[in-house]
Amino acid sequence: MFAQPAPDLAGTARGREAQALLRNCVHCGFCLPACPTYRITGNELDSPRGRIYLIKQVVEGAPATATTREHLDRCLTCRACERACPSGVEYGRLIDLGRELVEERVPRTPLQRMTRWAFVAALSRPRLFAALLRVGQAVRSRLPPPLQARIPLRPVAAGAVPIARHARHVALLEGCVQPGLAPGINHAAARVFDRIGISVERIAGEQCCGALGHHLGHTERALEQARRNVDACCAALDGGAEAIVSSASACGLMLKDYGRLLANDPAYAAGAKRVSEATRDISEIVTPSGLARAGLKPGGGPCVAWQAPCTLQHGQRLAGRAEALLQAAGFELVPTPESTLCCGSAGTYSILQPELAQELRRRKIAALTTSAPAVIATGNVGCLEHLRPVSPVPVRHWIELVAEALDR
Ligand code: SF4
Ligand code: SF4
């Protein structure tokens with residue numbers, strides 16, 4: 001798709017990037033059936049091809065409207081369309097750029113801006129989020145049922161983190177909401193790592209990865225958080241950590257993107273590239289052979305339905321790894337239809353686009369429970385907390401299931 005950037009963009013880095021990204025799209029429409037929002041609304045403008053066309057118009061100087069912004073807002077940034085595209089269109093980069101341009105041209109109302117700012121502020125500060133969560137848990141029983149469902153009960157004690165005793169060690173990203181919502185996940189990761197001969201250390205000075213702000217158009221704030229994390233992660237790598245690991249696939253994906261996001265920052269480009277190259281999802285560190293050496297063997301365990309987070313399967317392109325580890329730990333995987341479709345969580349999407357998010361969740365739960373599993377496993381706390389309130393069976397992080405299998 002040829003685009004001629006408008007005079008205010010022509011010759012700029014953004015204009016050149018937009019032109020290069022748009023060029024690969026040949027309008028074929030192969031991406032349409034892969035798109036969750038198009039499958040629900042049936043509107044071309046809620047499809048990847050339609051959104052790409054809207055972005056092209058904005059790049060060329062056509063006036064953007066609130067309707068343009070709404071169609072871009074409805075995109076989950078799940079990147080299922082990238083996997084389906086035969087022309088290699090980097091849709092994830094294109095939608096970020098399109099949103100940035102539309103945000104500048106169609107300002108939101110003060111109330112909308114404040115709401116989005118409040119989400120970023122509350123969700124990206126672990127202590128503030130944990131305090132708000134405790135207040136919510138204290139008054140939970142007095143809230144209306146839809147709000148109650150959003151606030152998880154206080155998590156059970158998560159088990160002790162093993163002391164560092166191995167020569168091999170990794171630096172574990174704690175995340176912002178996960179320590180409050182589900183502290184057992186990182187404890188389970190530390191226990192599994194310990195059993196396969198790897199110690200885990202904290203990352204001193206860790207900040208929010210920036211993904212929330214980045215996808216809500218708070219670009220500068222997100223880049224500042226990325227810079228602080230580059231400093232913190234480089235210090236951990238200098239201290240001998242062999243990798244920066246994350247048990248939340250959304251955060252891991254963001255760190256893997258730091259190299260690109262800070263490529264034009266002379267002070268941080270090299271450090272950001274180093275951090276991106278050293279970042280691993282936990283499913284890249286734990287291996288089936290490592291679990292076998294720790295005493296686990298395939299077969300005989302409960303049936304599990306795997307919910308593949310988009311950030312893991314489409315963003316990080318790590319489909320199949322967690323599934324293989326669950327099988328190596330003895331669990332039986334049941335088939336799940338439409339496994340490439342998003343569950344509707346997508347960061348703050350479930351709050352800002354509740355109708356689409358709830359319909360996607362309803363479809364996802366129906367797909368995951370077709371074979372009557374005993375438990376649903378996933379690899380990202382956002383998906384877990386989105387599905388949990390309406391799931392008829394427990395929803396767990398896969399590393400918790402593996403840790404429990406090792407404990408048995
Ligand atoms: S599949 Fe790729 S090339 Fe075809 S319309 Fe979609 S984004 Fe464009
Ligand atoms: S990122 Fe997901 S929701 Fe957005 S256009 Fe692509 S497939 Fe559709």
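Start by selecting Q225, which lies in helix α13. Helices here are DSSP runs of H or I with at least four residues, strands are runs of E with at least two, and both are numbered from the N terminus. Is Q225 buried or exposed? Q225 counts as buried because its relative accessibility is 8%, where buried means under 20% relative accessible area, exposed means over 50% and partly exposed lies in between, using a 1.4 Å probe and protein chains only. Now show the contacts of Q225: S124, Q207, C208, G210 and Y258 touch it, leaving out residues up to four places away in sequence. Contact means heavy atoms within 4.5 Å.

Before you move on, a word about what you are looking at. This is a predicted model, in which local features need pLDDT of at least 70 and side-chain atom pairs count only at pLDDT 80 or more, while totals for chains, interfaces and linings use all residues; side-chain values use heavy atoms, without hydrogens and water. Residues are numbered from 1 along each chain as its sequence is written, chains are lettered from A, and ligands are numbered from 1 in the order in which they are written.

**Next stop: the second largest pocket**

Select E17, E100, T219, R260 and L261 together. Of the 29 residues that line the second largest pocket, these are the closest to its centre. The volume of this pocket is about 620 Å³. On a 1 Å grid over the protein atoms alone, a pocket is an open set of points with protein on both sides within 12 Å along at least five of seven lines, a cavity is a set of points where a 1.4 Å probe fits but cannot get out, and lining residues have an atom within 4 Å of a point. Grid points are joined across faces, edges and corners, and a volume is the space filled by probe spheres set on the points.

Colour the helices next. At least two lining residues come from each of α1 (13–23), α4 (66–73), α6 (91–105), α12 (211–215), α13 (219–238) and α15 (258–261). Which helix gives the most to this lining? The answer is α6, with 7 residues. If you colour by class, the lining of the second largest pocket shows 15 charged, 9 nonpolar and 5 polar residues. Nonpolar here covers Ala, Val, Leu, Ile, Met, Phe, Trp, Tyr, Cys and Pro, charged covers Asp, Glu, Lys and Arg, and the others, Gly among them, count as polar.

While α4 is in view, click on T67, which is found in that helix. T67 counts as partly exposed because its relative accessibility is 48%.

Select ligand 1. Among the 13 residues around it, C25, C28, G29, C31 and C85 come nearest; a residue is near a molecule or strand if one of its heavy atoms lies within 4 Å. The shell around ligand 1 holds 9 nonpolar, 3 polar and 1 charged residues.

The space that ligand 1 takes is the largest cavity, since a molecule sits in a cavity or pocket if more than half of its atoms lie within 2 Å of its grid points. How many cavities of 30 Å³ or more does the structure hold? There are 4. The largest cavity has a volume of about 110 Å³, and its lining has 16 residues, with C25, C31, I52, C85 and V89 nearest the centre. Two or more of its lining residues come from each of α3 and α5 (80–84), and α3 gives the most, with 3.

**Ligand 2**

Now centre on ligand 2. Its surroundings are C35, P36, T37, P48, R51, C75, L76, T77, C78, R79, C81 and Y91. The elements α2 (36–41) and α3 (48–59) give two or more residues each to this shell. By class, 8 are nonpolar, 2 polar and 2 charged.

Stay with R79, in the loop between α4 and α5. R79 is not a glycine, yet its phi is positive, about 70°.

Go to E338, in the loop between β6 (332–334) and α20 (349–352). E338 also has a positive phi, about 50°, although it is not a glycine. With a relative accessible area of 42%, E338 is partly exposed.

Finish at V390, in the loop between α22 (381–387) and β8 (395–397). V390 is partly exposed, at 41% relative accessible area. V390 touches R361 and I365, leaving out residues up to four places away in sequence. The C-alpha atoms of V390 and A149 are separated by 8.2 Å, though they stand 241 residues apart along the chain.
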